[in-house]
Amino acid sequence: MGELTVPFFKPSFSQAEKDAVCEVIDSGWLTTGKVTHAFEEEFADFTGCRHALAVNSNTSGMLLAMEACGVKEGKIVITTPYTFVSTASCAIHLGGDVCFADTEEDSYSISPDSIRDVLEELKKEGKLEKVSAIVPVHIAGNLCNMEKICALAGEFSTEKNKIFVIEDCAHSFPSKTKNGYAGTLGDVGVFSFYATKTITTGEGGMITTNDDSLARRMSRMRLHGMDRDAWDRYTSDRASWEYDIVAPGFKSNLPDILSAVGRVQLKKAETFASKRKKIVEKYNSAFGGCDFLTLPPDGEGNAWHLYLIQLNPAVLSCSRNVFAKELQENGIGISMHFIALFHFSYWQKKYPEFRAENFPNAERHFQNTITLPLWPDMTEEMIGLVIEKVKSAGEKFHVR
Ligand SMILES: *Cc1c(COP(=O)(O)O)cnc(C)c1O
């Protein structure tokens, strides 16, 4: 394979990020401090939530969110097989179990009907009060049906057991509905600033919530279960060496060096989103007439993190993998979002019922999907090249 002509992704950085990092280094304060607190405040303002907690990854944030929502041994999390593995692994780390619900037929979103089936089944088995959380994942930035999912959580909660809704927002900054931003539509939202996400700090994440007690728990568990952080110990009147440990916590705080990058990226988020949207419009109009693919689902307020095409096997003589290889050999960087979790050996061994045939929608989506390059600084030439190569591969493999 030669050098790719259109990389799958390239982050958008300018001198401003570099200056912000240098300023932190020169200040001598590297770990979580005033820069991170400012980043949290700005993120809370942007999304309109009461609390934003910076963490070192979405995975760390998901672990904290699930822990605060009561996931532990004997408890259950309901999520989708159509996600990155960390969404589900976090429940296992806490000693809990995962029950999976299929995606919708015509989108990558977890299906509310399928969630209902899982909840009804658990109820029949007398396990309803074991369910701690439902975790929808807004794949590619396209929002799940949050109204229905939150209504289900309410309907199946009991006096003894509240079912929380934790949004995996790794793809959905800044997705927005008339009811607000992703991350504020359930009880907790968890964002990712991983290297390829819509805004990035290299590694990083943010938790959002309007719930004071969840915020308090996550904030403490984020830093060893301490009742105060290093910045507070440095700036408050209380002796700097005094603190209490209220639980065996984790180490998930985001350092100021990375928050400095995040603050600059956050300022550019709207510009990035509108550049992505313009590229999507070009792709949609170029691919709209192609019978060998289906355009990505596009609901209200999509942040367009990724552009996923579905190949139509009925008119193609090749497999998805061969199509993908053809694009790569023609210089187009592609990816796959996601390998459905029931294809991984760990999950197959863990849950024998967790098989492709029980999740027909997720399986079909996975078998036919290719993710095309979509990033703010793509040139017209690059966009044109992607369109040209996808179309020519479609012609090459079209059944006659
Ligand atoms: C990237 C991603 C994660 C993990 O994010 P990290 O910040 O790398 O921990 C979780 N869920 C989804 C859907 C993702 O795409």
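Colleague: Where in the chain is Phe338 found?
Modeller: Phe338 is found in the loop between helix H10 (320–329) and helix H11 (345–350). Helices (H or I, at least four residues) and strands (E, at least two) are DSSP runs, numbered from the N terminus. This is a predicted model in which local features need pLDDT of at least 70 and side-chain atom pairs count only at pLDDT 80 or more, while totals for chains, interfaces and linings use all residues. Residues are numbered from 1 along each chain as its sequence is written, and side-chain values use heavy atoms, with hydrogens and water left out.

Colleague: Is the peptide bond from His337 to Phe338 cis or trans?
Modeller: That bond, from His337 to Phe338, is cis, and its omega is near -5 degrees. Most peptide bonds are trans, and most residues other than glycine have a negative phi.

Colleague: Which residues does the other cis peptide bond join?
Modeller: Phe173 and Pro174 are joined by a cis peptide bond with omega of about 0 degrees. Pro174 sits in the loop between strand S5 (164–168) and strand S6 (176–177).

Colleague: And the phi of Ala140, positive or negative?
Modeller: Ala140 is not a glycine, yet its phi is positive, at about 65 degrees. The loop between strand S4 (131–135) and helix H6 (146–156) holds Ala140.

Colleague: Turning to open space, which residues lie nearest the centre of the second largest pocket?
Modeller: Phe84, Tyr194, Thr196, Lys197 and Phe338 lie nearest the centre, out of 27 lining residues. Helix H3 (58–68) and helix H4 (86–93) are the elements that give two or more residues to this lining. On a 1 Å grid over the protein atoms alone, a pocket is an open set of points with protein on both sides within 12 Å along at least five of seven lines, a cavity is a set where a 1.4 Å probe fits but cannot get out, and lining residues have an atom within 4 Å of a point.

Colleague: What volume does the second largest pocket have?
Modeller: The volume of the second largest pocket is about 430 Å³; a volume is the space filled by probe spheres set on the points, which are joined across faces, edges and corners.

Colleague: Where does this second largest pocket lie?
Modeller: The second largest pocket lies between domain 1 (15–266) and domain 2 (270–396), because both give residues to its lining. The domain bounds come from an automatic or database domain assignment.

Colleague: How do the residues of that lining divide by class?
Modeller: The lining of the second largest pocket has eleven nonpolar, 13 polar and three charged residues. Ala, Val, Leu, Ile, Met, Phe, Trp, Tyr, Cys and Pro count as nonpolar, Asp, Glu, Lys and Arg as charged, and the others, Gly among them, as polar.

Colleague: What about the largest pocket, and which residues are nearest its centre?
Modeller: Val98, Cys99, Phe100, Tyr351 and Glu353 are nearest the centre of the largest pocket, which has 18 lining residues. Its volume is about 500 Å³. Strand S3 (97–100) and helix H5 (112–124) each supply at least two lining residues, and S3 gives the most, with four. By class, this lining holds nine nonpolar, two polar and seven charged residues. At least three of the lining residues come from each of domain 1 (15–266) and domain 2 (270–396).

Colleague: How many cavities of 30 Å³ or more does the structure hold?
Modeller: There are three such cavities of 30 Å³ or more. The largest cavity has about 50 Å³ of space, and its lining includes Phe9, Lys197, Phe272 and Arg276. That lining comprises four nonpolar, four polar and three charged residues.

Colleague: And which residues line the second largest cavity?
Modeller: Ala140 is one of the residues that line the second largest cavity, with Tyr108, Trp304 and Leu306 also among them.

Colleague: Last topic: at what angle do H1 and H9 pack?
Modeller: Helix H1 (residues 15–27) and helix H9 (residues 256–287) pack at about 150 degrees, with axes 8 Å apart. Axes are lines fitted to C-alpha atoms, for helices over the stretch in contact, and angles run from 0 to 180 degrees between N-to-C directions.

Colleague: Are H9 and H13 parallel or antiparallel?
Modeller: H9 and helix H13 (residues 380–396) pack at about 30 degrees with axes 11 Å apart, and these two helices are therefore roughly parallel.

Key. Angles under 35 degrees count as roughly parallel, over 145 as roughly antiparallel, 65 to 115 as roughly perpendicular and the rest as oblique.
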